[in-house]
Amino acid sequence: MKRIGIIGLGCVGQGLIDYLEQQPQLPYYVQGIAIKQGHKKRKHTTIPITMAVRTLIDDPAIDIIVEVIDDAEAAYGIAKATLLAGKELVTANKKMVALYLSELLELQDTAGKRILFEAAVGGSIPILSLLDGYYRDEPLTRIRGILNGTSNYVLTKIFNDKMDYPRALRQAQQKGYAESDPTNDVSGKDAWYKTKLLAYQAYGTDLALDSIFHYGIQQLTPDDVQYARSKNQRIKLTPLIVPTPSGLVAWVVPHFIDGSDPFFSIDNEYNCIQLDGQFLGQQHITGKGAGAWPTASALIADLQRLSQAAQHGSGNAPLDPLDTSAISIEVYIRGPQLLQNSAAVFEDVSEGYMDDHLHYLIGFVRLDRLIAQKPTLEKQACMVIATGRYRLQNKAGDSTSTAVLKKSAMVAIV
Ligand SMILES: NC(=O)c1ccc[n+]([C@@H]2O[C@H](COP(=O)([O-])OP(=O)(O)OC[C@H]3O[C@@H](n4cnc5c(N)ncnc54)[C@H](OP(=O)(O)O)[C@@H]3O)[C@@H](O)[C@H]2O)c1
C-alpha cells in the first residue's frame, strides 16, 4: 500500500478522491489533503484536511505527493520540497512543468526521485507514457495535436452550430469546459505549455518556450470563419512538432483543416494527438482532454507508473532545437493594416484580398519573424491561421528553392 498526500482539492483533486473512493481495491491510501482556503464549502470526506502543505511533504509516512493546485509558482515550491524530502511527485500542472522543466529534471537527478505529469498533457490521453514506453524507440517524424478542449469546444460551436465567438465561449464556461477566466485556453498558452512537454517527451529536447510561436483564437472574426467555410474547411487550434535534419521546432497556431483530415471531426471538448512515425505509420489517439474524472484517470496511471522503471525522454538521441530563422510556415493573416507591413513579415504572398471591410494575405513567413511580430499582430487584432505547409530555409537563408516538407500535411489554398 502506497501512502499519498494530495495537495489541492478543486476540480481535479476532488476527481481523484472520487476515483479512489469508487475503486477501494487500489493500493493507495490518502494520508491527508492540503488546501489553501479553510472557509470553502467542500464535499464531505473523512480524510484529514490541512492548510499547512508542508506537514504533508514532511510526513514520513507519505511516499508520494500528488500536486493538483492552480498556482504554478506555489506548485514549483511544492515540487522542489517534495523531491528534496525524498518523495515522488505526480502533478497535473502543465504551466509549472513547462516553466521549470530543466530545474525539475536536475532536481530529479539530485534527489533520485521521480516526477510524472501525464495529466498535464491531453487529460485522459496516455500520450506521455506511450512515448516513454511503447514508442520510446520509434523515430517520430511529426506530432500534431488538438490539445485544448476549451478552444476546440468554441471552434466546434462556431463551425457546427453557427454560433458567434462570444456565445460559444459563454457556453463553454456554462458547461464547465472553460474557466471563468479562459485567457490561457483561447490565447493558445495552455496548448503552448503542453506542446513543450510533448516535444520533450518525444524527442528529449527542452525547447525554450519563447522559441515556440503560439497564437490563439481570440481574434477570430466571422470573416475568418467565412473564409474557411468558402474552402469547405474548419479551423482547429493545432500544435505541430517537427523534427528536421537541423533540429526540432514547434508552433501552436490555429490551422485550416479540410474534410480529409482526421482532426476535422474531433469536436467539442475532445483532444486528439496524431503521431507520425517512420515505422508505425500514423496513429491518432482521441479522448477527453480535461475534466475531473478523465484527469484523475491520468493521475492514477502515473501513480501506477511510479512503481515501474520509467524514464523521461526518447530512446533516440535527443535533437537540438532548430534555429527558428531556419523554417517558414505558410499563414493567412487577416488584419487592418497588413499590406503596409507585409514586406517586413511575408517572404512571398500567394493570395491576398483587400476591400473596405476585409484585408488578408496568405504566404510564407519565417518563424522567428512571426515570433517577433506577435505583439504587433495581437495589438492590431490580426488573426493568424496556418495552412499546414512549411519549408526549411537553404543555407543562404533563401527559402524559395527549398522543398515543402510533409506533403501529406498540405492544405490546398487556391
Ligand atoms: N480542470 C481540469 O480539467 C484540468 C485538466 C488537466 C490539468 N489540470 C491542472 O490541474 C491543476 C488543478 O486544476 P483544477 O481545475 O483542479 O483547479 P481548481 O479547481 O481551481 O482547484 C485548485 C485547488 O488548488 C488549491 N490551491 C491553490 N493554491 C494552493 C496552495 N498554495 N496550497 C494548497 N492548495 C492550493 C485550491 O485550494 P482551495 O480549494 O482552498 O481554494 C483548490 O483546491 C492545474 O494545474 C490545472 O492546470 C486541470
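This is a predicted model: local features need pLDDT of at least 70, side-chain atom pairs count only at pLDDT 80 or more; totals for chains, interfaces and linings use all residues.

Which residues of helix 8 (residues 165–174) are buried? They are Y165, A168, L169 and A172, where a residue counts as buried if 20 or more other C-beta atoms lie within 10 Å of its own, as exposed if 12 or fewer do, and as partly exposed in between, with C-beta atoms placed from the backbone. Seen down the axis of helix 8, these buried residues fall within an arc of 95 degrees, so they line one face of the helix; the arc is that of the directions from the helix axis to the C-beta atoms. An α-helix has 3.6 residues a turn, so residues three or four places apart point the same way. The face of helix 8 turned away from the buried side carries the exposed residues P166 and Q174, while helix 7 (149–160) is included in what covers the buried residues. After helix 8 comes G176, whose phi is positive, near 85 degrees.

Residues are numbered from 1 along each chain as its sequence is written.

The chain as a whole holds 14 helices and 16 strands, which are DSSP runs numbered from the N terminus (helices are H or I, at least four residues; strands are E, at least two). For 414 residues, a compact globule would have a radius of gyration near 22 Å, and the chain, with 22 Å, agrees with this; the radius is taken over C-alpha atoms, and the globule rule is 2.2 Å times the number of residues to the power 0.38. Along its principal axes the C-alpha trace spans about 65 × 45 × 35 Å, and buried residues make up 48% of the 414 residues. Of the contacts with a separation of 6 or more, 72% are accounted for by residues 24 or more positions apart, two residues being in contact if their C-beta atoms, placed from the backbone, lie within 7 Å.

The domain assignment, which is automatic or from a database, gives domain 1 (2–116) and domain 2 (142–288 + 319–414). Their centres, taken over C-alpha atoms, are separated by 34 Å, and the contact takes 6 residues from domain 1 and 8 residues from domain 2. On the side of domain 1 that touches domain 2, the elements giving two or more residues are helix 4 (94–99) and helix 5 (101–111), and helix 4 gives the most, with 4 residues.

A ligand is surrounded by 27 residues, of which the closest are G8, G10, V12, A92 and A290; a residue is near a molecule if its C-beta atom, placed from the backbone, lies within 6 Å of it. Helix 1 (residues 11–22) gives the most to this shell, with 3 residues.

Two single residues complete the picture. L240 lies in strand 9 (residues 233–244) and is buried, with 22 other C-beta atoms within 10 Å. Leaving aside neighbours within four places in sequence, L240 is in contact with R144, A250 and W251, and L240 and G145, 95 residues apart in sequence, are 6.8 Å apart in space, C-alpha to C-alpha. R42, placed in the loop between strand 2 (28–34) and strand 3 (49–50), is partly exposed, with 13 other C-beta atoms within 10 Å.
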